[in-house]
Amino acid sequence: MSGAGKGGKGKGGRGGKSKSRTRSSRAGLQFPVGRVHRFLREGRYGKRIGAGAPVYMAAVLEYLAAEILELAGNAARDNKRARINPRHIQLAIRNDEELNQLLGKVVISQGGVLPNIHAILLPKKVVEPGKPMKAGKDE
């Protein structure tokens, strides 16, 4: 019984089993590459899924999430809040031109709308008596 059932290579367990690293850690990502790969396979997006596709997709998803969270955090700080809520996410997305284009048809529950008052609805400026009016197109 020389080392039977001990696992690893060689006698006496020397060399040891190498520590497994996830594909996410190899790529330097926080998003799960293995899970994205599984979703791509199970989603039947193609007969075969290459090894680089889930890494690239996880990186894109991580970038988008980080971008939205950064902008939403700024919106929360502007409103003197410590937590991000759906309203802050809505403000972050709608105030960013590219994210608004990407998520234009998306409805965020409890997000509200951007504050906007049409210029026609605003009260007209009153001219004080005694001050000359500026020459315009009317005169």
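View 1. Leaving aside its neighbours within four places in sequence, Gln110 is in contact with Pro86 and Arg87, where contact means heavy atoms within 4.5 Å. This is a predicted model, in which local features need pLDDT of at least 70 and side-chain atom pairs count only at pLDDT 80 or more, while totals for chains, interfaces and linings use all residues. Residues are numbered from 1 along each chain as its sequence is written, and side-chain values use heavy atoms, with hydrogens and water left out. Gln110 counts as exposed because its relative accessibility is 69%; the cut-offs are under 20% relative accessible area for buried, over 50% for exposed, and partly exposed in between, with a 1.4 Å probe and protein chains only.

**View 2. Ser24 in helix α1.** Ser24 is found in helix α1, which covers residues 23–27; helices (H or I, at least four residues) and strands (E, at least two) are DSSP runs, numbered from the N terminus. Because its relative accessibility is 10%, Ser24 counts as buried. The side chain of Ser24 reaches the backbone oxygen of Phe31 at 2.8 Å, and, apart from neighbours within four places in sequence, the contacts of Ser24 are Leu29, Phe31, Pro32 and Val33.

**View 3. Helix α4 and what covers its buried residues.** In helix α4 (residues 86–95), the buried residues are His88, Gln90, Leu91, Ala92, Ile93 and Arg94. The cover over these buried residues includes α3 (52–78) and α5 (97–102).

**View 4. A nonpolar patch on the surface.** Ile117, Leu121 and Leu122 form this patch, with about 340 Å² of accessible area together. Accessible areas come from the Shrake-Rupley method with a 1.4 Å probe, and for residues only the protein chains shown count as cover. Leu121 has its place in the segment after α5 and is exposed, with a relative accessible area of 68%.

**View 5. The chain as a whole.** The chain has 5 helices and 0 strands, and buried residues make up 16% of its 139 residues.

Technical notes
Polar contact = N/O pair within 3.5 Å; in protein donor to acceptor, adjacent residues only side chain to side chain. Patch = residues over 30% accessible without salt bridge, like charges linked within 9 Å, V, L, I, M, F, W, Y side chains within 5 Å. Salt bridge = Lys/Arg side-chain N within 4 Å of Asp/Glu carboxyl O.
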